Amino acid sequence: MATFNETFEKLKCFNQEHLLAHFSNLSEFDQNQLLTEINSFDFGQIEKLHNQSLHQSNQNGNIDALMEPVPIELFGSVSKSNADDKAMWEAEGLRSIADGKVAVLLLAGGQGTRLGVNYPKGMYNIGLPSSKTLYQIKAERIRKLQELAFERFGKHGIIPWYIMTSDATRKQTQDFFEKHEYFGLKENQVKFFEQFTLPCLDFQGKVLLANPHKLAVAPDGNGGLYKALTHWKILDDMERRGIECTHVHCVDNILIRIADPRFIGFCRKMQADCGAKVVEKSAPHEAVGVVCKVDGVYQVVEYSEVSEDTACKKDKSGRLVFNAGNICNHYFTTDFLKKVCGSAEDLPHHVAKKKIPHVNENGAIIKPDKVNGIKMEKFVFDVFKYSKKFVVFDVPREDEFSPLKNAEGAASSSPTQARWALTSLHHRRIVAAGGRVEDSSGCIVDPQDCADKSKEYPISCEISPLLSYDGEGLAALVEGKILKSPVYLDESSHTPVNGSTTITN
């Protein structure tokens with residue numbers, strides 16, 4: 001291990017010697033920990049990345065003139081396609097699952113800080129009747145898909161689940177899965193790996209200390225996926241299992257259709273190497289990136305990077321020209337991942353301005369109430385430019401996109417809104433299957449009359465993924481019936497009678 005003097009001289013070269021300002025006040029153990037951590041980072045590379053990131057964020061080029069919408073022939077759509085096409089895509093997706101060619105990769109490196117908890121988001125219980133966490137809901141969707149693929153094609157295909165954690169979330173995540181026996185999945189079906197971290201900086205490029213003996217670090221963004229795939233030999237594992245394509249998505253979307261057979265099938269039928277699910281933007285200035293073509297290659301353009309005129313531009317039908325909202329929901333072939341992982345170091349780092357707790361010159365920990373520093377991140381979608389056959393799949397927002405990011409009481413992306421979205425979806429599925437739901441006062445509730453997402457949904461309604469992935473099989477349980485809230489339908493449900501309250505064990 002490098003000595004204090006060696007480390008000090010190293011830091012002095014990059015104007016970072018303040019990291020040792022409290023060294024003499026530390027225990028021997030903490031001193032060794034700090035020296036080890038400092039020497040694990042390449043400060044020359046950090047300085048280079050910082051300069052590149054600032055240059056990237058300060059570029060004022062006119063991107064508007066280079067933007068084009070994704071060509072219509074590369075678009076698939078759930079709402080605009082006919083039933084035959086959707087059935088064909090679903091069959092292709094289920095066949096691929098039955099053949100063991102499909103994997104799922106979950107981006108779960110973020111902590112639940114904005115959510116107000118001190119554990120990984122996937123462990124969060126949003127208050128459903130079942131009390132299931134995000135991890136359990138996703139695991140059960142995988143189990144149901146495997147079952148549906150077997151029923152259709154008679155093959156026991158296994159969907160490997162790769163979960164990218166961070167240093168801050170890995171142990172808690174693994175312990176949680178072990179405690180819950182992998183939620184019914186096979187242990188060797190679930191594989192955890194870590195993304196890398198980078199130090200957090202102040203606006204002058206100085207590395208911040210989280211406490212006197214530890215640097216303030218953060219995961220290197222969801223685009224750190226590609227470096228991590230190589231380092232942890234995940235691609236080797238995919239090839240050993242015969243995986244041909246992977247569905248990649250973020251942990252916080254409660255409506256995610258994991259390994260969605262229609263999406264998988266559409267991408268495979270189109271012979272795409274890379275695909276992105278999108279939702280139509282709700283307004284020109286909605287804070288989501290736009291999937292489009294820029295100077296001949298596909299990418300995501302952040303809403304803040306385009307002018308007012310471009311954001312508001314409409315086509316002849318009155319729809320926004322640049323309306324393909326990015327929801328971090330992607331399809332990649334294994335061959336494509338192998339190619340982009342070889343170019344991972346070439347991906348740009350982006351600056352994210354954040355409130356970063358840190359130690360001041362007196363050794364006191366400061367929790368800022370305003371932005372005070374930056375994190376450098378790569379984005380998972382920055383690889384779109386390498387695609388030889390890129391496609392987009394348009395899905396209804398109300399069915400597939402409700403991210404959980406903020407604590408209860410926030411104006412958007414709160415637990416209340418996540419519960420609302422899932423309850424609304426399940427309520428609509430029951431009604432589509434011929435059932436009705438009444439509230440506690442005995443009034444039938446129509447999904448069309450439920451619009452205020454700032455409040456709790458007027459009924460409590462949940463369908464277990466183990467019973468139905470997408471509404472299939474519900475008619476036999478609910479057709480012609482009235483269910484009384486709270487409703488919970490699970491895999492052991494029996495046919496209800498009028499006026500029943502729940503259908504469960």
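Buried area is taken here as the accessible area, computed with a 1.4 Å probe, that two parts lose on being put together, summed over both. The structure is a predicted model, in which local features require a pLDDT of at least 70 and side-chain atom pairs count only at pLDDT 80 or more, whereas totals for chains, interfaces and linings use all residues. Residues are numbered from 1 along each chain as its sequence is written, and side-chain values use heavy atoms, with hydrogens and water left out.

The chain is divided into domain 1 (58–399) and domain 2 (415–494), with bounds that come from an automatic or database domain assignment. The C-alpha centres of domain 1 and domain 2 are 28 Å apart. Between them, domain 1 and domain 2 bury about 1,900 Å², of which 63% is on carbon and sulfur atoms. Within the area that domain 1 buries against domain 2, I126, P129 and K144 supply 26%, more than any other three residues. In terms of contact (heavy atoms within 4.5 Å), 25 residues of domain 1 meet 20 residues of domain 2.

E398 is found in helix α12 (residues 397–400), where helices (H or I, at least four residues) and strands (E, at least two) are DSSP runs numbered from the N terminus. With neighbours within four places in sequence left aside, E398 is in contact with L255 and R428. The C-alpha atoms of E398 and L425 are separated by 7.4 Å, although these residues are 27 residues apart along the chain. The relative accessible area of E398 is 46%, and this residue is therefore partly exposed, a class that lies between buried (under 20% relative accessible area) and exposed (over 50%), with a 1.4 Å probe and protein chains only.

On a 1 Å grid over the protein atoms alone, a cavity is a set of points where a 1.4 Å probe fits but cannot get out, whereas a pocket is an open set with protein on both sides within 12 Å along at least five of seven lines; lining residues have an atom within 4 Å of a point. Grid points are joined across faces, edges and corners, and a volume is the space filled by probe spheres set on the points. The structure holds two cavities of 30 Å³ or more, and the largest cavity has a volume of about 140 Å³. This largest cavity is lined by 16 residues, of which R141, L422, H426, R429 and Y469 are the closest to its centre. Two or more lining residues are given by each of α5 (134–153), α13 (415–432) and β23 (461–463), and α13 gives the most, with four residues. Because domain 1 and domain 2 both give residues to this lining, the largest cavity lies between them. Its lining has nine nonpolar, two polar and five charged residues, where Ala, Val, Leu, Ile, Met, Phe, Trp, Tyr, Cys and Pro count as nonpolar, Asp, Glu, Lys and Arg as charged, and the others, Gly among them, as polar.

The second largest cavity has a volume of about 60 Å³, and its lining residues include M67, K281, Y303 and F322. By class, this lining divides into eight nonpolar, one polar and two charged residues.

The second largest pocket has a volume of about 510 Å³ and is lined by 24 residues, with F41, F196, T197, L198 and K227 nearest its centre. The elements that give two or more residues to this lining are α3 (43–58) and β6 (197–199), and the largest share, three residues, comes from α3. Eight nonpolar, seven polar and nine charged residues make up the lining of this pocket.

Several backbone features occur in loops. S485 and P486 are joined by a cis peptide bond with omega of about 5°, and P486 is found in the loop between β24 (482–484) and β25 (487–489). K233, although not a glycine, has a positive phi of about 60° and lies in the loop between α7 (225–231) and α8 (234–241); its relative accessible area is 53%, so K233 is exposed. A259, also a residue other than glycine, has a positive phi near 50° and lies in the loop between β11 (245–250) and α9 (261–269), but its relative accessible area is 0%, so A259 is buried.
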